[in-house]
Amino acid sequence: MGLRTTYLGKAEIQELLGTNSFGMWRLPRQHGDFPAPETDIYHGPFDDKPDGPVWDAHDVYRWAARTPEFQHRGAVLLRPLFGQRQPGRFLGHQDTAHGPATDWHTSLGVIRMLHTDESHAAAAMAADLADEHNREIVTVCSLYGDLNAVTGPALVAADTAQPRIEYEASWARIVKLTGQPLPWWPDHLRRFEVTSRWQPDSPAVIAEVPATPREKTLRRVAANTSFSQAALAALTNMADDMRNDRVQTVVHDIKTYGDHIATPGRLVIAAMHDTRNHPIPLVKDDALLRQGWEEITRSTEPDAVEALDIALGRHPKLLPFGRFTQLPVTDHPVVERWTRRLSLCDPTAGHATLAEGKTVDAFFTDPLTDMPVVRTKDDDESHARWLFYVPLSLPAGRGELASIVLYGPVWITTTDGLVHPAPCIPGEQLWWGNAGGERPRELSHVVNLLLDDLGARITLDNHWNSAPDGLTSLFNEDHKQGTELTRAALLHARITPKPRR
């Protein structure tokens, strides 16, 4: 989260500082540290270009706070603090549209602390208070999402007198104003039903970390008795893993914010999670989990679609397929040889994740690899396309690698006349060409495995050391789409040493 950039023209600065056009003319002449007009102006694509010189509102507001003549018009929390101050006091909790808040009475007026790190929450809250003609709260602060080991959590502030101008504020200064340490809640426990239970000098509240919508979905699907024990174990294990991660985040944040502040007495941990049952033991048998997710992938239950969509983002390496791939419906020979063997079928959860948001023409399954395939319709927005997941491995015992064809994705032809999309793990892409970065070496590693064992299960572990230099050099060349490289060419490249420079 960053500070909002706001610009002020001459008239706006005059209003901010309570001066006239002549006073504005005198400002840079009387005050050598008055900010200069901006020369590199940021504006969005729909913003009007400023008419005349403009100043960064943040710089002007900070300048006013440290300049005696204009201190009363500058940023409230940046003004000098003079003389003896009465200790502040805690006024209570507020449940606001921008997050839970605590109000504090200080010698400067009431300061509202918003316990959220949402962007521009302080400015939005200050604007709401200004619209309500609030006369008590002078400043709203929200968390900045960072930690200063000396002063405390970073804050962004917005004054109700100038709500659109954001500035950085010091946690330590607010502690001075309140006369006591300020409460802090871990991100996952910043809920009003938790924050409202805290009072000064009270121990930390023990609260439950709420489940995310994804965790709730997995647990709901795990209650579906139509699934096998392996599928239920896969669903529950992923939900438990999410729960462990969220609780561990709370534990880590508490340690970070509780232990790393150099000056004691500035922050109190206001809530903690009950860690007695943490972490939840997880299933260690990946084979069982893969079996469960394979069942879910082939299921026609609506619940399975929701769960699979979560697994694709959370842990795709447990799923029975590789990288998502798409290409236009085409009459290229290698693609036609593959599509001719596809079998029409009813959609499964795997098909549904491919077809999300698309207009579908038909659903297929590759009978040799069991991979789901979708063909979309040709419409006004896009041409018809094939959507599919590549396999993690090719059928064993069906000939040898005969050639590879570089057309869209990489294709494998075999000595018994079959064509397959090249196997690849989720999240990776096999590619070629001088601009391919790491991809040609990954392709070299995969082809090297398939030359020896067509049914090898693909991983990219240690591919940097295991990929033959000669094959990597071959795939670093800028081959045209449709180029076919025979087994002989591949074997020759594999035994060719890396060229000396």
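# Strands, helices and a pocket

Colleague: How many bridges join strand 6 (residues 137–148) to strand 7?

Modeller: This is a predicted model, in which local features need pLDDT of at least 70, side-chain atom pairs count only at pLDDT 80 or more, and totals for chains, interfaces and linings use all residues. Residues are numbered from 1 along each chain as its sequence is written, and side-chain values use heavy atoms, with hydrogens and water left out. Helices (H or I, at least four residues) and strands (E, at least two) are DSSP runs numbered from the N terminus, and two strands pair if DSSP finds at least two bridges between them. Strand 6 and strand 7 run antiparallel, and the bridges that join them number seven.

Colleague: Which residue in strand 7 does Thr-139 stand opposite?

Modeller: In a regular strand the side chains alternate between the two faces of the sheet. Where Thr-139 is concerned, the residue that stands opposite in strand 7 is Asp-159.

Colleague: What angle does the direction of helix 4 (residues 121–131) make with that of strand 6?

Modeller: Helix 4 packs on the sheet and touches strand 3, strand 5 (109–114), strand 6, strand 7 and strand 8, where contact means heavy atoms within 4.5 Å. Axes are lines fitted to C-alpha atoms, for helices over the stretch in contact, and angles run from 0 to 180 degrees between N-to-C directions. With the direction of strand 6, that of helix 4 makes about 170°.

Colleague: Which strands stand at the edges of this sheet?

Modeller: The sheet is open and its six strands, with mixed pairing, follow the order 3-4-5-6-7-8. An edge strand has a single partner strand, so one side is left without a neighbour in the sheet, and this holds for strand 3 (89–96) and strand 8.

Colleague: How many residues does the hairpin between strand 7 and strand 8 pass through?

Modeller: Strand 7 (residues 152–159) and strand 8 (residues 162–169) pair in the antiparallel sense over five bridges. Within this pair, Val-156 stands opposite Glu-168 in strand 8. The number of residues through which the hairpin joins strand 7 to strand 8 is two.

Colleague: Which residue of strand 4 is the bridge partner of Asp-95?

Modeller: Seven bridges link strand 3 to strand 4 (residues 99–106), and the pairing is antiparallel. A hairpin through two residues joins strand 3 to strand 4. The partner of Asp-95 in strand 4 is Pro-100.

Colleague: At what angle do the axes of helix 8 and helix 9 cross?

Modeller: Two packed helices are described by the angle between their axes and the distance between the axes. For helix 8 and helix 9 the axes come within 7 Å, and they cross at roughly 105°.

Colleague: Why is helix 8 called roughly perpendicular to helix 9?

Modeller: Angles under 35 degrees count as roughly parallel, over 145 as roughly antiparallel, 65 to 115 as roughly perpendicular and the rest as oblique. The crossing angle of roughly 105° therefore makes the two helices roughly perpendicular.

Colleague: How do the residues of the contact between helix 8 and helix 9 divide by class?

Modeller: The contact includes Ala-230, Leu-235 and Met-238 of helix 8, together with Leu-288, Trp-293 and Ile-296 of helix 9, among others. Ala, Val, Leu, Ile, Met, Phe, Trp, Tyr, Cys and Pro count as nonpolar, Asp, Glu, Lys and Arg as charged, and the others, Gly among them, as polar. The division is ten nonpolar, three polar and one charged.

Colleague: Which elements give two or more residues to the lining of the largest pocket?

Modeller: On a 1 Å grid over the protein atoms alone, a pocket is an open set of points where a 1.4 Å probe fits, with protein on both sides within 12 Å along at least five of seven lines, and lining residues have an atom within 4 Å of a point. The largest pocket holds about 390 Å³ of space, a volume being the space filled by probe spheres set on grid points, which are joined across faces, edges and corners. Of its 21 lining residues, the closest to the centre are Asp-286, Arg-290, His-315, Lys-317 and Leu-318. The elements asked for are helix 8 (229–259) and helix 9 (286–298).

Colleague: What is the phi of His-133?

Modeller: Most residues other than glycine have a negative phi, and most peptide bonds are trans. His-133 lies in the loop between helix 4 and strand 6, and although this residue is not a glycine, its phi is positive, about 60°.
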